Amino acid sequence: VQLQASGGGLVQAGGSLRLSCAASGRTFSNYVMGWFRQAPGKEREFVAMISWSGGSTRYADSVKGRFSISRDNAKNTVYLQMNSLKPEDTAVYYCAAGPQFRELTEQYNYWGQGTQVTVSS
């Protein structure tokens, strides 16, 4: 499956952004979708994931209550709504697709190209 992330940008602290990830090539609803991020000099980390039908979600503690993941299987798209953004949210954000409802980076087979999110203080 091919993934194309978009929606990143520069925003002030406290602001909001909505990331989108469009999928093509395979049956979108067969995959758990996740969002990860990587800040300069740091390892890629889990942000959020959503189950095949969208009925279950999971978040990293650092974004819980501020970020919301959703998906539209009819549009082959997963979203990440980010509110109350903080400077420490600055990173390249990646969407990914995998077969299991797990946070582990290794279980995601397909990755998008990443979109930069920069939060200024």
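The following questions and answers concern a predicted model and the grounds for the terms applied to it.

Q: What makes the protein as compact as a globular protein of its length?
A: The secondary structure comes to zero helices and eleven strands. The radius of gyration is 13 Å, close to the 14 Å that the globule rule gives for 121 residues, so the protein is as compact as a globular protein of that length. Along the principal axes, the C-alpha trace spans about 40 × 25 × 25 Å.

Q: Why is Phe-28 called buried?
A: Buried means under 20% relative accessible area. Phe-28 has 3% relative accessibility and therefore counts as buried. Its place is in the loop between strand E3 (17–24) and strand E4 (32–38).

Q: Which residues is Phe-28 in contact with, leaving aside its neighbours within four places in sequence?
A: Contact means heavy atoms within 4.5 Å. On that criterion, Phe-28 is in contact with Ala-23, Met-33, Arg-71, Asp-72, Asn-73, Asn-76, Thr-77 and Val-78.

Q: Why is Asn-76 called partly exposed?
A: Partly exposed covers the range between buried, under 20% relative accessible area, and exposed, over 50%. Asn-76 has 27% relative accessibility and so counts as partly exposed. This residue is found in the loop between strand E7 (67–72) and strand E8 (77–82). Its phi is positive, about 55°, although Asn-76 is not a glycine.

Q: What makes Ser-84 partly exposed?
A: The relative accessibility of Ser-84 is 42%, and the residue therefore counts as partly exposed, the limits being 20% and 50%. Ser-84 is placed in the loop between E8 and strand E9 (91–98). Its phi is near 50°, a positive value in a residue other than glycine.

Q: How do you know whether Leu-80 is buried or exposed?
A: With a relative accessible area of 0%, Leu-80 is buried, since the cut-off for that class is under 20%. Leu-80 lies in strand E8. Apart from neighbours within four places in sequence, its contacts include Leu-17, Leu-19, Trp-35, Val-47, Phe-67, Ile-69 and Tyr-93. The C-alpha atoms of Leu-80 and Cys-95 are separated by 9.4 Å, with the residues 15 apart along the chain.

Q: Which residues of the largest nonpolar core touch the most other members?
A: They are Met-33, Trp-35, Leu-80, Met-82 and Tyr-93, out of 37 residues in this core. At least two residues of this core are supplied by each of strand E1 (2–6), E3, E4, strand E5 (45–50), E7, E8, E9 and strand E11 (115–120). Not counting residues up to four places away in sequence, Met-82 touches Gly-15, Ser-16, Leu-17, Leu-19, Arg-66, Phe-67, Tyr-93 and Val-117.

Q: What share of the contacts between residues at least 6 apart in sequence joins residues at least 24 apart?
A: The share is 56%. As for burial, 44% of the 121 residues count as buried.

Technical notes: Residues are numbered from 1 along each chain as its sequence is written. This is a predicted model: local features need pLDDT of at least 70, side-chain atom pairs count only at pLDDT 80 or more; totals for chains, interfaces and linings use all residues. Side-chain values use heavy atoms; hydrogens and water are left out. Helices (H or I, at least four residues) and strands (E, at least two) are DSSP runs, numbered from the N terminus. Buried means under 20% relative accessible area, exposed over 50%, partly exposed in between (1.4 Å probe, protein chains only). The radius of gyration is taken over C-alpha atoms; the globule rule is 2.2 Å times the number of residues to the power 0.38. A nonpolar core is a set of buried Ala, Val, Leu, Ile, Met, Phe, Trp, Tyr and Cys residues joined through side-chain atoms within 4.5 Å.
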